[in-house]
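User: Hi, I have a structure open and would like to go through it with you. Could you help me read it?

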Amino acid sequence: MSMASSIAPVYGNYHGYYSKRPFVRDPRLSLLPPSFFTGKAVLDIGCNEGWVTCEIGQIWGAARVIGVDIDETLIRGAWKRRRSLWSQQSPGRDVMERNENDNSSGVFKRSKLDRVTDSHSHYYFPASCEHSHESLPIPTDTIKEGHFPTNVIFRTADFLAEPVSERYDIVIALSITKWIHLNYGDDGIKQFFRKVHESLNAGGTLVLEPQTWETYAKAKRLDEKLKENAKHLKLHPGNFPTILQNIGFGPPRHLGSVGEGGFHRPVDLYIKL
Ligand SMILES: C[S@@+](CC[C@H](N)C(=O)[O-])C[C@H]1O[C@@H](n2cnc3c(N)ncnc32)[C@H](O)[C@@H]1O
């Protein structure tokens, strides 16, 4: 039984989330400078089926990325995503020099950072092969440390329930604050931000995509407990910048908003002072 065992996705633990929000490259990550993740240790909290986590490890050059999610079925899906991407990765394409730095739209494109491969340009072991033959095995001896897929791992955990045991250069918290807030209340969201702060090295960065207050109304209807919890909330997402600064982050840097319809949300950076 999953840690997030209820039938309604009360933690935002949507199964098939990325079929509703599909991407080849996640537009939220394109808001970041191209070398943002290069060589960095990254924690992705609420990683769902690991699409963003894998992209950071495979395309954006992170040294290591750990994805954590409360729902163990989603974490199984994340390991599967990692295997699939590995299967489809074309072999031995070292640095691809591209000159795609068109920043006219405010969205950075990659340049010179495609350290290993571009999984989408050469379907070396296409998805159709994977469906009939299963994923290619991941060799344990030939992949260098810090390279995909060994630089990406996943773990089932309630981030709020676990002590902080490691520090990271970057913490990613995309579309998760509403679920923490509705399940654990005002104290819970404050604790969440304190734990994020504790999980970062000095000078490290939080990448935050908070859901707006308006979207809480629909979410709380999923479950009586969420509805009850919502009645006691005094804090709103508009208060998050102040809470974060009181904890020890610098002021937010707003990168912009991407995503369609209800997924159009801001992405903000906070540096640990
Ligand atoms: C709406 S999804 C967002 C997925 C992903 N971060 C993205 O934006 O593409 C929120 C995820 O957070 C996870 N989650 C919610 N509460 C959590 C907690 N306390 N600890 C770990 N994961 C949690 C859910 O299971 C779900 O997969």
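User: What lies 2.9 Å from a backbone N or O atom of Leu-174?

Analyst: That is a nitrogen atom of the ligand, which lies 2.9 Å from a backbone N or O atom of Leu-174. Please keep in mind as we go on that this is a predicted model.

User: How much of the ligand does the protein bury?

Analyst: Taken alone the ligand exposes 600 Å², and the protein buries 99% of that area.

User: Which elements give two or more residues to the shell around it, I mean around the ligand?

Analyst: Those are α1, which covers residues 17-20, and α5, which covers residues 177-198.

User: And which residues come nearest to the ligand?

Analyst: There are 19 residues around the ligand, and of these Tyr-18, Arg-28, Gly-46, Asp-69 and Asp-158 come nearest. For Gly-46 there is also a polar backbone atom that is 2.7 Å from a nitrogen atom of the ligand, and a polar backbone atom of Ile-70 is 3.2 Å from a ligand nitrogen.

User: How do the shell residues divide into nonpolar, polar and charged?

Analyst: The shell around the ligand has 11 nonpolar residues, five polar ones and three charged ones.

User: Now the pockets: what takes up the space of the largest one?

Analyst: The ligand does, as the space it takes is the largest pocket, and that pocket has a volume of about 720 Å³. The pocket is lined by 35 residues, of which Gly-12, Tyr-14, Ser-175, Trp-179 and Gln-211 are the closest to its centre.

User: Which element gives the largest share of that lining?

Analyst: The largest share comes from α5, with four residues. The elements that give two or more residues to the lining also include α1, β1 (41-45), β2 (64-69) and α6 (216-220). By type, the lining of the largest pocket divides into 19 nonpolar, seven polar and nine charged residues.

User: Changing topic, what kind of peptide bond joins Phe-148 and Pro-149?

Analyst: Phe-148 and Pro-149 are joined by a cis peptide bond, with omega about 5 degrees, and Pro-149 is placed in the loop between α4 (127-133) and β3 (152-156).

User: What about Asn-48, is its phi positive or negative?

Analyst: Asn-48 has a positive phi of about 55 degrees, although it is not a glycine, and Asn-48 is found in the loop between β1 and α2 (51-58).

User: Why point those two out?

Analyst: Because most residues other than glycine have a negative phi, and most peptide bonds are trans.

Notes
Residues are numbered from 1 along each chain as its sequence is written. This is a predicted model: local features need pLDDT of at least 70, side-chain atom pairs count only at pLDDT 80 or more; totals for chains, interfaces and linings use all residues. Side-chain values use heavy atoms; hydrogens and water are left out. A residue is near a molecule or strand if one of its heavy atoms lies within 4 Å of it. A polar contact is a pair of N or O atoms within 3.5 Å; within protein, one must be able to donate a hydrogen and the other to accept it, and residues adjacent in sequence count only if both atoms are side-chain atoms. Accessible areas come from the Shrake-Rupley method with a 1.4 Å probe; for residues, only the protein chains shown count as cover. On a 1 Å grid over the protein atoms alone, a cavity is a set of points where a 1.4 Å probe fits but cannot get out, and a pocket is an open set with protein on both sides within 12 Å along at least five of seven lines; lining residues have an atom within 4 Å of a point. A molecule sits in a cavity or pocket if more than half of its atoms lie within 2 Å of its grid points. Ala, Val, Leu, Ile, Met, Phe, Trp, Tyr, Cys and Pro count as nonpolar, Asp, Glu, Lys and Arg as charged, and the others, Gly among them, as polar. Grid points are joined across faces, edges and corners, and a volume is the space filled by probe spheres set on the points.
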